[in-house]
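Open the model in your viewer and follow the stops below. Keep the selection panel at hand.

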Amino acid sequence: MPPSQSLIQVQSLASAGRIAEAAAALVAAADRNDGDALFELALWRISGQIIRRDTAAARTLMGRAADAGHLEAKLYFAHFLANGTGGEPDWQRARQLLEGLRGQHPRADEQLDLLRGMSIGDDGEPATDAKLETLSEKPLVRRLADFLSADECAYLMRRAAPRLTPSVVIDRATGRSHPHPVRRSDGTFFGVTEEDLVVNAINRRIAAATGTKPVQAEPLQIIHYSKGGEFRPHVDTGAPGGNQRIVTAVVYLTDDYEGGETRFMKTGLSFRGRVGELLTWRNVTAAGQPDPQTEHAGMPVTAGTKQIASRWIWAKPPVFPPPTPAVPNL
């Protein structure tokens, strides 16, 4: 369906550089319960680039857009409910909404097909305990084969493919991205709109396997290494003191490549996972400080394509500053 006339007006104002007028017009249209405007305003509230970021308001707006019959909003609202954007997670309601979209939205169909094959409870949590094998005690490195199914791995790669861009690092002080200094790869992540029920169930599975909670982690990242791609020696922690990335979890999505092993530089441990295999390591000492023994590298890929899913898990839920909005009074 074409966008509503109200949204067309907003887009025209924004294209002309009249950002404040566009924002005011969008808010006014949302107040009139225009479904397209409600959906767009929810996305603006998530982004924080134009108006102030407010995830609770975004959740409410997305729910209103869904109630107004906006198909994409129904899907995104289910995602918000599952992953806890703007409020407490409500997996059962999210699943019910997704079931209601069966046959109406291809992304809902795809998720439902995968969810039916997962061993999860009514709350989205894994129904079985993960039993990891220890590869190293110092640092603690563990593995688990078949952590994800081949279909789950393919789903993550398929969802990530259109959004892959050259890897960057995020400045924790400003929230801005910069070219990555030691990684040659492409990557993307599953933010709150893209963390659908399948991705959320995988995040819950990673949390259970590592003895952590989903809120402690950064969004799930997909990293794509072509021939020559690598991640030179580094540690995943920051400067001593303060909040730290305590655990790294990596799932290997492909294995039809050469080179590309994960190598721990101080201990000599080298690992090359099969499709769906999980590798985790603890980044800090018993005192919670960065452990230099965890220095590791993703060795250069010499043939084929290596893809992994990576999840960095912090001692406390990470907080990144929101962007400065162009229209700060809204």
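Partly exposed means a relative accessible area between the buried range, under 20%, and the exposed range, over 50%. This is a predicted model, so that label rests on computed values.

Start with D109. At 21% relative accessible area, D109 is partly exposed.

Next, select E194 and R107. Their side chains form a salt bridge, 3.5 Å from N to O. E194 sits in the loop between strand 7 (186–189) and helix 9 (197–210), while R107 belongs to helix 7 (residues 106–115), 87 residues away. E194 is buried at 12%, and R107 is buried at 12%. Now show R159 and D196: they join R107 and E194 in a salt-bridge network.

Move to E277 and R143. This salt bridge spans 2.4 Å, N to O. E277 is in the loop between strand 13 and strand 14 (278–282) and R143 in strand 2 (residues 141–144), so the bridge ties together parts 134 residues apart in sequence. Both residues are buried.

Now the core. Which members of the largest nonpolar core touch the most others? Select L115, L156 and L253, out of 70 residues. Helix 5 (residues 71–83) gives the largest share, eight residues. Domain 1 (5–117) and domain 2 (133–314) both contribute, so this core lies between them. Around L156, look for contacts including F190, I222 and A309.

Finish at the open five-stranded sheet, order 6-9-15-12-13, paired antiparallel. Strand 6 (183–184) and strand 13 (270–271) each have a single partner strand, so one side of each lacks a neighbour in the sheet.

Definitions and conventions
Residues numbered from 1 in each chain as written. Predicted model: local features only at pLDDT ≥ 70, side-chain atom pairs only at ≥ 80, totals over all residues. Heavy atoms only, no water. Core = buried A, V, L, I, M, F, W, Y, C linked by side-chain atoms within 4.5 Å. Buried < 20%, exposed > 50% of the residue type's maximum accessible area, 1.4 Å probe, protein only. Helix = DSSP H or I, 4+ residues; strand = E, 2+ residues; numbered from the N terminus. Domains from an automatic or database assignment. Contact = heavy atoms within 4.5 Å. Pairing = 2+ DSSP bridges. Salt bridge = Lys/Arg side-chain N within 4 Å of Asp/Glu carboxyl O. Lists of a residue's contacts leave out its neighbours within four places in sequence.
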